[in-house]
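Hello,

Here is the structure I promised to pass on. Could you open it next to this email and follow along as you read?

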Amino acid sequence: MFAAIVSVNNARIKNAAQLKESRARRKSGKFLVDGVREVHRAASSQFELLEVYWNAGDRIEADERVDFHRFFAEKQRRERHDAELLALLQNLEERKIPVFPVSSAVFEKLSFGDRDERIVAVVRARLSTFESLDVILNERRRRNGENPLVAVLEKVEKPGNFGAVLRSADGAGVDAVVVASDDFDVFNPNAVRASLGAIFHMPIIMASVEETILWLRGKRLQRVLALCDDSVPYTQVDYALPTAIVLGSEADGLTDAWLEETTDDVEGRLLQKVRLPMLGVVDSLNVSNAAAVFFYEARRRRIENSK
């Protein structure tokens, strides 16, 4: 059991609270995760949990050794997440991850948004590389014979949308998500929360547009570009082939770099321009909604192809 922290001026708390800011996350290589489900999924992944804080209320004293087993046993009013929180705290204790009970005031300094599930973790950031993705794709192809299916996002505007894309990618069996950007904040709290924990189990690569296109060409993945002009309906593509579904920002779409074709691209038909039908007055979908349509269409075609 670790000693309770009740002061918002505690150095450890100050350092953790700074991770609510993008600049601090980038500099330290750490980020915050809140919520029982999200912390549990982080703990069950290859991410490293550095320290965890749980809200023990206002009755604890500085440096008190709070036994959370007794704490929950003696609670007069049980809350909906108590059982899940207790099980998670037990698991973290067994794994010797530092777990600090904190006062409500301290916890408020660490938490964000309007959801309070009484637990926040500091996690070390980790991203995949194209080299590690090659290993994953080769193993999956050996195991089930399925061609790679990768998502590429250029100029993601909202972290919440990115998290939602990860959630759909996880559900549809996408192998990895490539963020074709040099400065996107992958581990923004809104992205972590919107992903429902998928961010901890989906390989994510950050690279420039040029690096991404070079890798896709090297792997001979057809690049399915979500466009409005000069394109065919999204159902007219064979997604059973090795495929990268490429989505741009809602405001500007994809940059011109994606439209450049080499002789090999043309001969191998590696560049496919597709569109979603828009039958009303609006001209585009939220990028996370569009991604879900593409991902599940690819999954449907692959299921049909395997019959």
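Asp 34 stands opposite Val 120 in β4. Helices (H or I, at least four residues) and strands (E, at least two) are DSSP runs here, numbered from the N terminus. β4 covers residues 119-124, and five bridges join β1 to β4, the two running antiparallel. Two strands are taken to pair if DSSP finds at least two bridges between them.

Before going further, please note that this is a predicted model, in which local features need pLDDT of at least 70 and side-chain atom pairs count only at pLDDT 80 or more, while totals for chains, interfaces and linings use all residues. Residues are numbered from 1 along each chain as its sequence is written, and side-chain values use heavy atoms, with hydrogens and water left out.

How do α3 and α5 pack, and at what angle? Their axes are 10 Å apart and the angle is about 25°. The two helices are therefore roughly parallel to each other (under 35 degrees counts as roughly parallel, over 145 as roughly antiparallel, 65 to 115 as roughly perpendicular and the rest as oblique). The crossing of α3 and α5 is left-handed, a term used if the near helix is turned anticlockwise from the far one by less than a right angle, with right-handed used if clockwise. On the α3 side, the contact is made by Val 36, Val 39, His 40 and Ala 43, and on the α5 side by Glu 84, Leu 85, Leu 88 and Leu 92. Contact means heavy atoms within 4.5 Å. By class, this contact has six nonpolar, one polar and one charged residues. Ala, Val, Leu, Ile, Met, Phe, Trp, Tyr, Cys and Pro count as nonpolar, Asp, Glu, Lys and Arg as charged, and the others, Gly among them, as polar.

Helix α7 (residues 130-144) and helix α10 (residues 209-219) pack at about 30°, with their axes 12 Å apart. They are therefore roughly parallel to each other, and α7 passes α10 in a right-handed crossing. Phe 130, Leu 133, Asp 134 and Leu 137 in α7 meet Glu 211, Thr 212, Trp 215 and Lys 219 in α10. The contact of α7 with α10 has four nonpolar, one polar and three charged residues by class.

**Strand β10**

Strand β10 (residues 243-247) has five of its five residues buried, so the strand is largely enclosed by the rest of the structure. Buried means under 20% relative accessible area, exposed over 50%, and partly exposed in between (1.4 Å probe, protein chains only). Thr 243, Ile 245 and Leu 247 point one way from β10, while Ala 244 and Val 246 point the other way. In a regular strand the side chains alternate between the two faces of the sheet.

Strand β5 (residues 149-154) pairs with β10 in the parallel sense over five bridges, and strand β8 (residues 222-226) is joined to β10 by four bridges, also parallel. Val 246 in β10 is the bridge partner of Val 152 and of Leu 225.

- Ala 17, in helix α1 (residues 11-17), counts as buried at 13% relative accessibility. Leaving out residues up to four places away in sequence, Ala 17 touches Lys 109 and Leu 110.
- Glu 297, in helix α12, is buried with a relative accessible area of 7%. Beyond residues up to four places away in sequence, Glu 297 touches Tyr 234, Thr 235 and Tyr 239.
- Met 278 is in the loop between β11 (271-275) and α12 (287-306), and counts as partly exposed at 29% relative accessibility.

Best wishes

How values were computed. Axes are lines fitted to C-alpha atoms, for helices over the stretch in contact, and angles run from 0 to 180 degrees between N-to-C directions.
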